[in-house]
Structure formats: C-alpha cells, structure tokens
Amino acid sequence: MGQGILLSGADDIDFMIHGVFSYELFGQTLWITTSHVCIAVVFAALLLFIFAANRAIRKASEVPTGFQNVVELIVEKLDGIIDNTMGASAPAFRNYIGTIFIFILVSNISGLFGLRPPTADYGTTLALGLMTFTLITFNKFKHKGPKGVLKGLCDPWPFWAPINIIGDVAVPISLSLRLFANVLSGVVIMALIYGLLGKFALIWPGALHVYFDIFSGCIQTYVFCMLTMTYISDACSTD
C-alpha cells in the first residue's frame, strides 16, 4: 500500500500521515487520513474482543479456563492497578481508565501488525490529554468548589496564581506530547530501517519491534494512565 498505512511491504515506506480520500462537507474539503483508518482498525479489533469477552462471560464457568481466564485476568489486573493508585476514588473511574489503557496499549502495539500506530498522531494523543484534563477540571470544581479551586491557584501566595494556571494548562500538553513523541520516535526509526536497508531488513528488526512496539508501548501506556490517575485523585481530594 502506498498511503503509509503500513510500515512494511511497500516500496515508498515513510512515517508521514497521508490522505486516503477526501469529501466535501458544507463547502469544505475534509480528508480521511491513514490515522483515521488505523484508528478504525484498532476500534474494530477492540469491538471483536469485547463481543468475544461478553460471550465468554455470559457462559462463564465457576473455574475459568481458556479465553474466560484471559478476560478475567485483564480485568483483575486493571482493577488492581486502579484501586492501588486511586483508592476510594477508583470505582468512579474504572471504566475510563480501563478504556484508555486498553486503547492506548493496542494502538501502541499495532505497529507489530503493519499499522501506523494511531498514537503516533498528535491529534489522537491530544484528544486523550484533553479528555483527562476535562475530568480533572470537572472533579476539582465538584469536590473542592470554586473557592477551593481559587485557593489552590493562589497557593502559596496570590501572585503565584499565573504560574499555577500555566501548570494546570500544561497537563494535557505534557501528557499528549510524552505519549506522541515516544511512539513517533519508534515509528520513525523502524520506517528508516525498512526504507534504507530494504531486503537486508529481514528477521533481525523483530528485536527492535519488541522494544519499540511492545516494551516502550507498554511503558508509555502505563505512564499515561498512572499520571491520569494521579491527577484525577489529586483533583478529588479535599485536603
């Protein structure tokens, strides 16, 4: 494919985002890009997993085996991480944290299957960062009230408020840029290896895929979700 959806199997391999097709909407030309296609593939894979997991749980046995065991293991591990990090706030945010954890993880490792990871597009990671920022801000006002939020901005002195505001606004930017930059760096390196070495890039790049797609992908997923949980827990605290 020549549109950059795949990182391998093409003569013109690159790491850029390309337009697949365009359409007109209210007089504006909009593009469906390779990022949209890859996100759709990831969503489709997750939906298939969800339907299979739902079917397995509906027919669950008291002693889990096979696929049921996998599903229960995933849920238990995610619940354990969320409970240990967020404490009393965990039940309200299990669905959100679990959803973004699985989406980011599958997106990060999708390069193993020839896709350009959706998280290598800043539009994707910025959206995730903004969702987290919205939850943080909402819970600050919900649990601390306008007076508590204002007091936090003026801590330790009132003239410190502009710096605290900049710190709050930097949260979605830092979250999104960290994930985006780490995933994109792996995409760029692998694209350069396949593009420059061509037929010599056989078998041995698998070791690099293990690092960039699996190891780094899992680490970045964990970091993003841990920071998200920490920020939200802090927003929910009334101290």
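# Exercises on a predicted model

With a relative accessibility of 0%, threonine 228 counts as buried. The exercises below start from this residue; the structure is a predicted model.

## Exercise 1: Threonine 228

Task: Find which helix holds threonine 228, and which residues threonine 228 touches beyond those up to four places away in sequence.

Solution.
Step 1. Threonine 228 is part of helix H6, which covers residues 205-236.
Step 2. Leaving out residues up to four places away in sequence, the contacts of threonine 228 are Tyr96, Ile97, Ile100, Thr132 and Leu175.
Step 3. Buried means under 20% relative accessible area. Threonine 228 has 0%, so the residue counts as buried.

## Exercise 2: Confidence

Task: State where in the protein chain confidence is lowest and where it is highest among the elements, and what the pLDDT is over residues 1-10.

Solution.
Step 1. For the protein chain the mean pLDDT is 86, with 93% of residues at 70 or more.
Step 2. Strand E1 (residues 19-25) has the lowest confidence, a mean of 84, while H3 has the highest, at 94.
Step 3. Residues 1-10 have a pLDDT below 50, and this stretch makes 31 contacts in the model beyond near neighbours in sequence.
Step 4. Where pLDDT is low, predicted coordinates should not be read in detail.

## Exercise 3: Salt bridges

Task: Determine how many salt bridges the structure holds, and which residues are joined into one network by shared partners.

Solution.
Step 1. Side chains of opposite charge can pair when their charged atoms come close. The structure has 3 salt bridges.
Step 2. One of them pairs aspartate 79 with arginine 94, with 4.0 Å between the closest N and O atoms. This pair links distant parts of the chain, since aspartate 79 is in helix H2 and arginine 94 is in helix H3 (residues 90-109), 15 residues apart.
Step 3. Arginine 94 also meets aspartate 83 in a salt bridge, at 2.9 Å from N to O. Because arginine 94 lies in helix H3 and aspartate 83 in helix H2, this pair ties together parts that are 11 residues apart in sequence.
Step 4. Aspartate 79 is partly exposed at 26% relative accessible area, arginine 94 is partly exposed at 31%, and aspartate 83 is partly exposed at 29%.
Step 5. Lysine 140 and aspartate 168 meet through their side chains in a salt bridge of 3.4 Å, N to O. Lysine 140 lies in helix H4 (residues 122-153) and aspartate 168 in helix H5 (residues 161-197), so the pair ties together parts 28 residues apart in sequence. Aspartate 168 counts as partly exposed, at 26% relative accessibility.
Step 6. Through shared partners, salt bridges join Asp79, Asp83 and Arg94 into one network.

## Exercise 4: Aromatic pairs

Task: Work out why the pair of tyrosine 122 and phenylalanine 180 is classed as it is, and find how many aromatic pairs the whole structure has.

Solution.
Step 1. The whole structure has 8 aromatic pairs.
Step 2. Among them, phenylalanine 43 and phenylalanine 103 are stacked, at 5.5 Å centre to centre and 25° between the planes. Phenylalanine 43 is in helix H1 and phenylalanine 103 in helix H3, so this pair ties together parts 60 residues apart in sequence.
Step 3. Phenylalanine 43 is partly exposed at 44% relative accessible area, whereas phenylalanine 103 is buried at 10%.
Step 4. Planes over 60 degrees apart count as edge-to-face. The rings of tyrosine 122 and phenylalanine 180 have planes at 65° and centres 5.4 Å apart, so the pair is edge-to-face.
Step 5. Tyrosine 122 in helix H4 and phenylalanine 180 in helix H5 are 58 residues apart, and their pair links distant parts of the chain. Tyrosine 122 is partly exposed at 25% relative accessible area; phenylalanine 180 is buried at 18%.
Step 6. Trp157, Phe159 and Trp160 form one aromatic cluster.

## Exercise 5: The nonpolar patch

Task: Identify which helix gives the most residues to the nonpolar patch.

Solution.
Step 1. The patch on the surface is formed by Leu47, Phe49, Ile50, Phe51, Phe67, Val70 and Ile74, which together have about 610 Å² of accessible area.
Step 2. Helix H1 (34-58) and helix H2 (66-86) each contribute at least two residues to the patch.
Step 3. H1 gives the most, with 4 residues.
Step 4. Phenylalanine 67 is found in helix H2 and is partly exposed, with a relative accessible area of 35%.

Conventions:
Residues numbered from 1 in each chain as written. Predicted model: local features only at pLDDT ≥ 70, side-chain atom pairs only at ≥ 80, totals over all residues. Heavy atoms only, no water. Patch = residues over 30% accessible without salt bridge, like charges linked within 9 Å, V, L, I, M, F, W, Y side chains within 5 Å. Areas by Shrake-Rupley, 256 points an atom, 1.4 Å probe, with all protein chains shown as cover. Buried < 20%, exposed > 50% of the residue type's maximum accessible area, 1.4 Å probe, protein only. pLDDT = per-residue confidence, 0-100. Contact = heavy atoms within 4.5 Å. Phe/Tyr/Trp six-rings, centres within 6.5 Å; stacked < 30°, edge-to-face > 60°.
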